[in-house]
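Dear colleague,

I am handing over a structure that you have not seen before, and below it I set out what was found. Please keep it open beside you as you read.

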Amino acid sequence: MNEKRADCIFNGSEYCRLVRICSRCDVGKLDPELEKVLLDDIEHKLATFPQQTRDMAQGDLCRLCKGETREADCYAVVELARPESGSDMITSFAPALVPVCKKCRGRYSFSRNAGWIMASLFTLAMLIVLSVTAIREFFVGISPLTLPGLLAASAALGYLIGHLIGRIGRAGVNMHIMSLDELKAARAAGWEPVFASGKEPKVLFSYEALPDIAELLKKRIDTHQA
Ligand SMILES: [Zn+2]
């Protein structure tokens, strides 16, 4: 029942995994003419997406290593978007897949989140200290505002320390993903990160490369024509 059609272009993709059963899927059943229309549409949307940005996913080496470059084991996914020329309503989306090694993935994520992680830990530690009745009553005796003040101060101190540790953790990893040539090229062509916090885009890590649908469609159409 769960058998997958071997010739489907979406076979093996995340989309295919989610749909699970071919009988529930419409996308894989498009007729060849519709596939051509779909391909034209995708190619039209990707026409301004630099080939070098598209090809980035093919690389075997980590793009965030500083100094010695390690082998990549996952992708940093940066979702990019570009408003279609002549339309305020339609926006094209395309992900840039940046090959990244295990070490850089850990350092990058930790470095960006260390402030909040440490703020939570420090607040938790202060809550545990204040759960001791004698200590809590001592501070309440000074002023009822002491308790929220202490919690806020712990969070702030934790954030600051986390931020500093994060800065140290950055050594050896390029934290500015948008400084990569392929992403600069995308930006120059009008593709901007969809989600950003501050100057840096939000980055998700994925172990599976998203299939290049345009390439898959091309292959499939060629097979039809052969
Ligand atoms: Zn690396």
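A crossing of two helices is called left-handed if the near helix is turned anticlockwise from the far one by less than a right angle, and right-handed if the turn is clockwise. That term is needed further on; before that, please bear in mind that this is a predicted model.

Taken as a whole, the protein chain has 226 residues, of which 33% are buried. Its secondary structure comes to 8 helices and 6 strands, and, read from the N terminus on, these elements follow one another in the order α-α-α-β-β-α-α-α-α-β-β-β-β-α.

Helix 4, which covers residues 102–130, packs against helix 6, which covers residues 146–169, at an angle of about 150°, and their axes are 7 Å apart. Since angles over 145 degrees count as roughly antiparallel, helix 4 is therefore roughly antiparallel to helix 6. The crossing of helix 4 and helix 6 is right-handed, and the contact between helix 4 and helix 6 has 17 nonpolar, 9 polar and 2 charged residues.

Within helix 6 you will find serine 154, which is buried because its relative accessible area is 7%, where buried means under 20%. Once its neighbours within four places in sequence are set aside, serine 154 is in contact with Phe122, Thr123 and Met126.

A second residue to look at is leucine 61, which is found in the loop between helix 3 (51–55) and strand 1 (74–83). Leucine 61 counts as partly exposed, because its relative accessibility is 48%. With its neighbours within four places in sequence again left aside, leucine 61 is in contact with Thr69, Arg70, Glu71, Ala72 and Pro99. For one of these residues, glutamate 71, a separation was also computed: leucine 61 and glutamate 71 are 10 residues apart in sequence, while their C-alpha atoms are 4.5 Å apart in space.

Terms used: Residues numbered from 1 in each chain as written. Predicted model: local features only at pLDDT ≥ 70, side-chain atom pairs only at ≥ 80, totals over all residues. Heavy atoms only, no water. Axes fitted to C-alpha atoms, helices over the stretch in contact; angles between N-to-C directions. Helix = DSSP H or I, 4+ residues; strand = E, 2+ residues; numbered from the N terminus. Parallel < 35°, antiparallel > 145°, perpendicular 65-115°, else oblique. Nonpolar A, V, L, I, M, F, W, Y, C, P; charged D, E, K, R; others polar. Buried < 20%, exposed > 50% of the residue type's maximum accessible area, 1.4 Å probe, protein only. Contact = heavy atoms within 4.5 Å.
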